[in-house]
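Subject: Structure for your study

Dear colleague,

Please find below the structure that I am handing over to you, followed by an account of what was found in it.

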Number of protein chains: 2
Amino acid sequence: MELTPAPVSKLIDEFSRLPGIGPKSASRLTFYLLRRPAEQAQGLASAVTELHQKITFCSECFNITEVNPCFICRHDNRDKSVLCVVEEPLDVMAIERTHDYHGLYHVLHGVIAPIEGTGPEDLKIAELIDRVNKNDALREIIVATNPNLEGEATAMYIARQLTGHQVKVTRLARGLPVGGDLEYADEITLSRALSGRSEL
Amino acid sequence: MELTPAPVSKLIDEFSRLPGIGPKSASRLTFYLLRRPAEQAQGLASAVTELHQKITFCSECFNITEVNPCFICRHDNRDKSVLCVVEEPLDVMAIERTHDYHGLYHVLHGVIAPIEGTGPEDLKIAELIDRVNKNDALREIIVATNPNLEGEATAMYIARQLTGHQVKVTRLARGLPVGGDLEYADEITLSRALSGRSEL
């Protein structure tokens with residue numbers, strides 16, 4: 001029964017493979033594109049095609065970039081004595097938006113998660129150690145993996161790999177989020193905020 | 001500041017134009033595709049491209065199809081005396097899934113909605129009247145537009161256009177949804193269910 005034409009069901013399938021898009025949303029998106037002018041669909045198609053064609057990873061920091069080395073690694077005004085280790089390219093953007101960090105980055109492309117079968121060898125950890133070894137100007141490594149189980153484990157692993165090196169390994173502060181409410185903070189966050197208290 | 005490479009922000013923009021996808025989801029989808037093999041992105045891109053290239057509208061019923069006339073209009077075993085008028089191609093699929101309807105369809109491609117600037121002339125209503133005029137075998141037109149304000153108005157409009165024609169114009173039953181709960185039914189549905197009650 002060819003009730004749904006093949007090109008329609010093919011696109012529904014492709015949309016369904018994306019995270020957070022179920023079969024119902026996928027079919028809604030497909031029929032939306034069908035109603036729109038062909039140019040919009042073509043714009044989406046070429047943007048998807050160009051994503052992998054034009055984006056590579058920076059050979060220094062493994063952030064996504066169009067030119068290698070990336071914008072941040074090439075920039076003269078960045079502080080080359082600090083390296084911020086993050087899980088994903090999106091984390092680089094989040095930190096850049098603060099305008100408070102002027103050092104370099106290192107993107108791990110994941111986190112140690114034995115349950116999902118991701119070990120240290122699947123991440124850019126060897127490349128990080130290599131980078132620390134080669135760069136005598138480095139003074140501090142800020143391990144900015146997420147403050148959850150896997151992120152903490154990965155941070156611990158990296159810190160252990162870097163013992164013996166002449167660099168300070170630091171971690172982002174854990175505490176109450178700004179604008180948050182003490183009353184609704186979970187115990188672990190609150191106890192971290194207490195132990196990390198600073199003088200006024 | 002070229003923090004987000006252009007191909008990445010271009011795809012985020014294109015995803016954001018789709019209904020139900022905000023900037024955050026769009027960026028999540030884009031970075032997901034970036035992490036996946038290029039083949040998956042290519043599959044999505046070509047499915048989007050082929051959608052408009054391969055899909056046309058049936059010249060009889062205006063449903064989407066790869067071949068014209070469509071599968072349903074071509075089929076010998078369909079009852080050519082009944083025509084079911086629906087808003088969208090998705091509605092055809094919904095009714096076909098019941099396996100209880102064996103007549104033909106007519107897809108309006110929308111509904112009369114003056115606020116959005118959609119008048120009868122933007123829909124396939126003239127084509128419907130034309131089809132009724134040309135086809136003497138037609139006995140019944142089931143107007144299956146959605147049971148909401150615009151759907152009811154469109155149904156009324158179509159019924160008025162067909163007065164004087166030798167066809168019965170019917171509407172789908174309104175009442176309690178199967179599996180629903182009387183306690184939680186809204187008043188209009190309940191009053192429709194009461195007035196449409198049938199003998200056991």
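In this predicted model, helix α1 (residues 6–16) of chain A and helix α3 (residues 38–54) of chain B have axes that come within 9 Å and cross at roughly 150 degrees. Helices (H or I, at least four residues) and strands (E, at least two) are DSSP runs, numbered from the N terminus. Axes are lines fitted to C-alpha atoms, for helices over the stretch in contact, and angles run from 0 to 180 degrees between N-to-C directions. The crossing angle therefore makes α1(A) roughly antiparallel to α3(B). Angles under 35 degrees count as roughly parallel, over 145 as roughly antiparallel, 65 to 115 as roughly perpendicular and the rest as oblique. The crossing of α1(A) and α3(B) is left-handed; the term applies if the near helix is turned anticlockwise from the far one by less than a right angle, and a crossing is right-handed if the turn is clockwise.

On the side of α1(A), the residues that meet α3(B) are Pro7(A), Val8(A), Lys10(A), Leu11(A), Glu14(A) and Phe15(A). Their partners in α3(B) include Gln40(B), Gly43(B), Leu44(B), Glu50(B) and Lys54(B). Contact here means heavy atoms within 4.5 Å. By class, the contact of α1(A) with α3(B) has eight nonpolar, three polar and four charged residues. Ala, Val, Leu, Ile, Met, Phe, Trp, Tyr, Cys and Pro count as nonpolar, Asp, Glu, Lys and Arg as charged, and the others, Gly among them, as polar.

Two further notes concern how the model is to be read. Residues are numbered from 1 along each chain as its sequence is written, and chains are lettered from A and ligands numbered from 1 in the order in which they are written. Local features need pLDDT of at least 70, side-chain atom pairs count only at pLDDT 80 or more, totals for chains, interfaces and linings use all residues, and side-chain values use heavy atoms, with hydrogens and water left out.

Helix α3(B) also meets helix α2 (residues 23–35) of chain A: the axes come within 10 Å and cross at roughly 50 degrees. That makes α2(A) oblique to α3(B), and the crossing is right-handed. Thr30(A), Leu33(A) and Leu34(A) in α2(A) meet Val48(B), Leu51(B) and His52(B) in α3(B). These residues divide into four nonpolar, two polar and no charged.

Within chain B, helix α1 (residues 6–16) packs against helix α2 (residues 23–35) at an angle of about 130 degrees, with the axes 8 Å apart. The two helices are therefore oblique to each other, and the crossing of α1(B) and α2(B) is right-handed. Among the residues making this contact are Val8(B), Leu11(B) and Phe15(B) of α1(B) and Ala26(B), Leu29(B) and Phe31(B) of α2(B). The contact of α1(B) with α2(B) has 10 nonpolar, three polar and no charged residues.

How are the two chains related? Chain B superposes on chain A by a rotation of 180 degrees with 0.1 Å of shift along its axis (RMSD 0.2 Å). The two copies are thus related as by a two-fold rotation axis. Copies are superposed by least squares on the C-alpha atoms of residues with pLDDT of at least 70 in both. Of the residues of chain B, Ala45(B) comes closest to the rotation axis, at 2.1 Å (C-alpha). Because 100% of the interface residues of chain B are also interface residues in chain A, the copies meet through the same surface.

As for chain A as a whole, it has eight helices and six strands. Its radius of gyration is 22 Å, well over the 16 Å that the globule rule gives for 200 residues, so chain A is more spread out than a compact globule. The radius is taken over C-alpha atoms, and the rule is 2.2 Å times the number of residues to the power 0.38. The C-alpha trace of chain A spans about 70 × 45 × 35 Å along its principal axes.

Finally, some details of the backbone deserve attention. Most residues other than glycine have a negative phi, and most peptide bonds are trans. A cis peptide bond joins Asn68(A) and Pro69(A), with omega about -5 degrees; Pro69(A) lies in the loop between β2 (64–65) and α4 (71–74) of chain A. In chain B, the peptide bond from Asn68(B) to Pro69(B) is cis, with omega near -5 degrees. Phe62(A), in the loop between β1 (56–57) and β2 of chain A, has a positive phi, near 65 degrees.

Yours sincerely
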